[in-house]
Amino acid sequence: MGSSSKQVTGYRYFANFLLFIGNPIEKVLGINFDKRGWHTGKRVPMGTNGELCYLHLPNLYGENEGGVSGVLNIKYGSKRQTVDSAYTKYMNSISLPASAYPYQSYISFSGSELASQFNDMTDEELQDLADEYEDGIVPGKGFYLGNSGYMKEMLLWVKRTRVRNDGQEQWYATTAERPWVCEIGDYGDGSKCEYVDGYISSPLWKLNGDPYSPFWIAQPSELDDVRHPKSGVLTLEFSIRSSEEIVLNLDVGLSTKGTVSINSNVDDISSVSPYVGEYWSNKYSLSLFIKPSFDIQNVLVSFNYNLELTEEIPSGDLHFMFSQPDPKSGFFCNSDSIDINPIHKIREILTDDTAMNKPESDVNDVNFMKAADRIWDEGLGISWSITEKSCLEAINELCGHIEAGVRVNRQTGLYEMVLFRDDWFEESEIHTLSVNKIKSISLEVANADEAINQLNVRYYNRNAIKYSSFSIAENASIRNLNGRVNAEDADFPYFMNQRNAAIVAQWKLKQMSSPVWRGSFTTAEYNARKWNRYDLLKLAWPRKWQGTITVRIMKINLGTGTDVSIDFVEIVPYSSNLSSDIVIDTPIDIAPQPPQACPYEPFEMPYYLAVMALGQRQVDEELSYENNFGLAAVVAEKPQSNSLYAVMMTHSGIEGEEWLRAATIDYEPAADLDQMISKTSMSFTVKDSAAIAGLPIGTLIKCGSDWIGTPGEWMVFEGVDAYTGVVSVKRGALDSLPQDWGVGTKLYFCGNDVAYDSTEYVAGEEVLVSALTTTPSGMLENKGSIAIEMNARAFRPYPPANVKFNGNYFPETHVISNDILLTWAHRNRVQQTGGEILGWFDSSVTMEAGVTYSLELSTVENGVIYSASDIDSDNHTIQTSVLLQNKAHKLKLWSVREGFESYQIFEHNFFVESVSLVLTATTSKDKVIGSTVPVANISVNVDESLKANMKFDGSSISGKAEAGATITIEVEE
């Protein structure tokens, strides 16, 4: 006899590996696996080492392919970063030393075991895990890669704007007028990104008593970041470099921005063991904890310190450094931010030792600051990631993005920026040259015949993670050429948004579509040798134009002797208007769409649907054992063509419990109401009748929401008119009642087979339900849910149907002199599990065993004025004596069985009138005669201008008026 064998249904793959990013960075803003969306995970800062990121996305690639999960140790590339613990553990296992890779940013992927718990961990628990990780306690399994056996493509969104490539603080990083002038971006609401990620450090080379400069910080309680708990604790590190023993006295002053005062508690300051490193001879790390007593917007922290020294220490040997967590640390800005100021990038290329390596003294900082301020004001930020490019090519590309040029000043020898703007040069800086100083000149008109009147612009769309394009046309030029279009391409690979590309493209098109003079001339003018490239010159040449034109010097050639040859081009004012149109073609994207949220409605299953799912015998047995039980179900509409189904997720609402995969949801045909419908409407129009035209007669329809406190309605599909698109239905099926519904209400044509959670809930429990769209590319991340309250719906009797008042449906008024005869139809939930489903207006059936009816009549002022219970028939009379004259009444009618009321209660409001008023009137040429009942209360409003004469004796009205007059008699109820 052979032995049984195990069947392998799939594998999950894990790996420990390092992913090198490259040069030093400040932050990893997000990670995108296989273009499934940007994720930040939960972060724990690790000081100069970087940070730990806990990432748990087990279904990112879909149910079959799995996802990713584990610990990411992100190293920023500082010169003093430590060795990664997971990497060390691996290298020790093969008896090789591990490197910290200073000046190299990288990510270590490891540890998936605790991934499922990350989302539920507190900040303290996350920090404890980070401490264990640093101590070398790394989970055995590696990073979870998915179920396909290979690593998916990964995109990293990294940031380095506030520090330079060598780790130094960025040149001209911030000013009071322009917070963080080195970076450009916004949070989506128009405000600048004034704070981003990481730590702010300020070195001080000061001695005894010199105060540390105050700085403003955002209150941590305002921040949505796991690293800043609600207690508002702020940690600052204070480091000292000294070869001598010192005693430190530190005074901390706290105040608020404005008049609000706070209480604070400054903990004791303690030191740690001395550290000997590459730079520090002795290092003491001191921590200060500031605890505001309540939430405030900003705290101003100022420091004063005194040092008691054992001996005099030279100022160069004493180093103070404060650092604080950046207030926006962990804040994930929207996709239009954050870019670097291109002036800073150009300066870094000039001075970085891995690029042109020019001394910083060779750069005109005043000029570069002016350019940086201007570009910051214009918002022309750029982002790039390059692997290999020549420095000059890179600078020229950056200058092309902002319409600028870099030059070496011939007088000072310093690098300068020139922005091609109308007001860049002062009037006094523009050169002049008399005509008689020009020895020779050659001229041509650029853009005269083949003027470019359209630019096809290409830029990088950060939102779509791909290049996008649009065109911009100069309308006047196109009309002058009889509609002929001369187009040219313009690439802006470092612009991350259309706004920047459109602004600069219009500037370029203005120049390319305008006829301008260009050429060269030779002069012996001595001052011409002092001119610089990109300078402006007012040039006169009466043979071709009157007066002077302003030209830009593009090249200066020093000839033999005193002659100077200058190439120039006439400038086109940037400030003048351009008659242009920007045309953005609707992109045709045939790529698979990521999962989109689907419309869905959760509900507790009525008895009928529970029977359809489990069978009547099983349901009845379950109810006989526990009549409180209920099942949660959901219907959903297909949100996109590449989704075959959705996943039903449920949660008990108890903190610490996990979301559970309850069922697979097959999408239902759906349609939206195109009109308002009342309780009695049996037909209506929908916005897309074609989607439901082929459905079988008798299909159940879920309408409206069964959320907590709001009842929905079940209908039965009776067909759709092929010509008019009018849908016919039965109203108030199963245990529901007809409701009024508005335009846009969604109808789910779900039939008998709906997705449900097999977990049996009891009455009173609240269940959170989510429907997560799945596609071949993944599953939608759970970002919300709908709560439903379980009510033992399957056990409750169906409510009375076909309720009438004296033979009428839902009357608005009732005469006080008449009794109210209520009639209704019986419904039987046990009997109605086969055959045709009944609607609310259908005839009566055999009453379910044990069912009685109760009713209640009330007014707002008097409360309940009449009630009855244990009614075992299909009618009941309310005597006129209990009615209140001229009052609004509410009637409630419901069924009861074994102490359980029907899931929905019939309610109707109506007004009780005094009596029906009968008014008869006849008119003649000069009078009106009418009569009514003696108890009527009648008042007559007479327009005196008609000189009418009216009389009223309690039972009749008589009067006269001019011929042709209109007499109005108003009867007050």
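**View 1. Asn-802, a buried residue in a predicted model.** Asn-802 has a relative accessible area of 13% and is buried (buried means under 20% relative accessible area, exposed over 50%, partly exposed in between, with a 1.4 Å probe and protein chains only). This is a predicted model, in which local features need pLDDT of at least 70, side-chain atom pairs count only at pLDDT 80 or more, and totals for chains, interfaces and linings use all residues. Residues are numbered from 1 along each chain as its sequence is written, and side-chain values use heavy atoms, with hydrogens and water left out. Asn-802 sits in strand 48, residues 801-805 (strands are DSSP runs of E, at least two residues; helices are runs of H or I, at least four; both are numbered from the N terminus). Its phi is near 50°, a positive value in a residue other than glycine. Most residues other than glycine have a negative phi.

**View 2. Asp-870, an exposed residue with positive phi.** Strand 52, residues 863-871, holds Asp-870. Phi is about 55° here, and Asp-870 is not a glycine. Relative accessibility is 59%, so Asp-870 counts as exposed.

**View 3. Pro-493, in a loop between a strand and a helix.** The loop that holds Pro-493 runs between strand 26 (487-492) and helix 7 (498-512). Pro-493 is partly exposed, at 25% relative accessible area. Leaving aside neighbours within four places in sequence, Pro-493 is in contact with His-401, Tyr-460 and Tyr-467 (contact means heavy atoms within 4.5 Å). Ser-383 lies 110 residues from Pro-493 in sequence, yet the two are 8.7 Å apart in space, C-alpha to C-alpha.
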